[in-house]
Amino acid sequence: MNRSTLAATSLAVAVAAGSGSIASAKGVPTWYARLRKPPYQPPNAAFPVAWTTLYGDIAVTSAVAIDRFRAAGQHDKARRYAAALGVNLVLNAAWSWLFFRFHKLGVSAAGAAALTVSSADLTRRAAQADPRAGLALSAYPLWCSFATTLATHVWRLNR
């Protein structure tokens with residue numbers, strides 16, 4: 001794997017993760033704690049573990065996919081993958097702002113759905129580059145699907 005590609009994808013993921021953390025830093029202990037939540041809500045400690053793992057996976061898998069496309073001479077696919085990754089990370093960071101900072105529960109549920117679609121597309125693209133990369137990234141859209149269900153349920157409980 002090309003170190004500069006890994007550095008670029010890691011930086012992009014870190015910016016998205018950092019932005020999301022800034023948005024949620026004040027909201028979790030106060031506003032979020034008061035929301036009604038469904039019985040299948042994971043404990044708060046599960047979220048940083050899940051997201052840290054997923055962010056590492058996104059960075060590494062994306063670097064692999066981009067490098068594989070480039071090595072195969074498919075530079076257009078590498079650029080389109082990088083663009084799709086950028087859109088995905090913007091959607092990822094935006095969700096935290098919509099939910100935790102602006103308290104827009106309905107809009108954040110729609111944002112989570114858009115993130116799920118984007119994550120599935122990113123996984124499809126990764127699988128085109130390398131089937132193992134697609135498999136490695138498959139947990140991301142699955143988690144986002146769960147997050148969409150959870151965000152929608154939280155919205156419905158707190159209208």
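This is a predicted model: local features need pLDDT of at least 70, side-chain atom pairs count only at pLDDT 80 or more; totals for chains, interfaces and linings use all residues.
T5 sits in helix α1, which covers residues 3–24, and, leaving aside residues up to four places away in sequence, T5 touches A63, I66, D67 and R70. With one of these, R70, the side chain of T5 also makes a polar contact of 3.2 Å.

The UniProt record, an unreviewed entry, lists residues 1–25 as "signal peptide"; in the model that stretch is 88% helix and 0% strand, with its end C-alpha atoms 34 Å apart.

Helix α3, residues 46–71, spans 37 Å from its first C-alpha to its last, which is close to the 38 Å expected at 1.5 Å a residue, and just after α3 comes G73, with a positive phi of about 75°.

Turning to the salt bridges, the structure holds five. In one of them, D130 and R68 meet at 2.5 Å, N to O; D130 lies in the loop between α5 and α6 whereas R68 belongs to helix α3, so this pair ties together parts that are 62 residues apart in sequence. D130 is buried, at 7% relative accessible area, while R68 is partly exposed, at 38%.

Within helix α5, D121 and R124 stand three residues apart, about one turn of the helix, and their side chains form a salt bridge at 2.6 Å. D121 is partly exposed at 22%, as is R124 at 41%. Elsewhere, salt bridges with shared partners join R68, D130 and R132 into one network.

Definitions and conventions
Residues are numbered from 1 along each chain as its sequence is written. Side-chain values use heavy atoms; hydrogens and water are left out. UniProt positions are given in the numbering used here, feature names are shortened, and annotations may be inferred rather than shown by experiment. Helices (H or I, at least four residues) and strands (E, at least two) are DSSP runs, numbered from the N terminus. The expected span of a helix is 1.5 Å times one less than its number of residues. A polar contact is a pair of N or O atoms within 3.5 Å; within protein, one must be able to donate a hydrogen and the other to accept it, and residues adjacent in sequence count only if both atoms are side-chain atoms. Contact means heavy atoms within 4.5 Å. A salt bridge is a side-chain nitrogen of Lys or Arg within 4 Å of a carboxyl oxygen of Asp or Glu. Buried means under 20% relative accessible area, exposed over 50%, partly exposed in between (1.4 Å probe, protein chains only).
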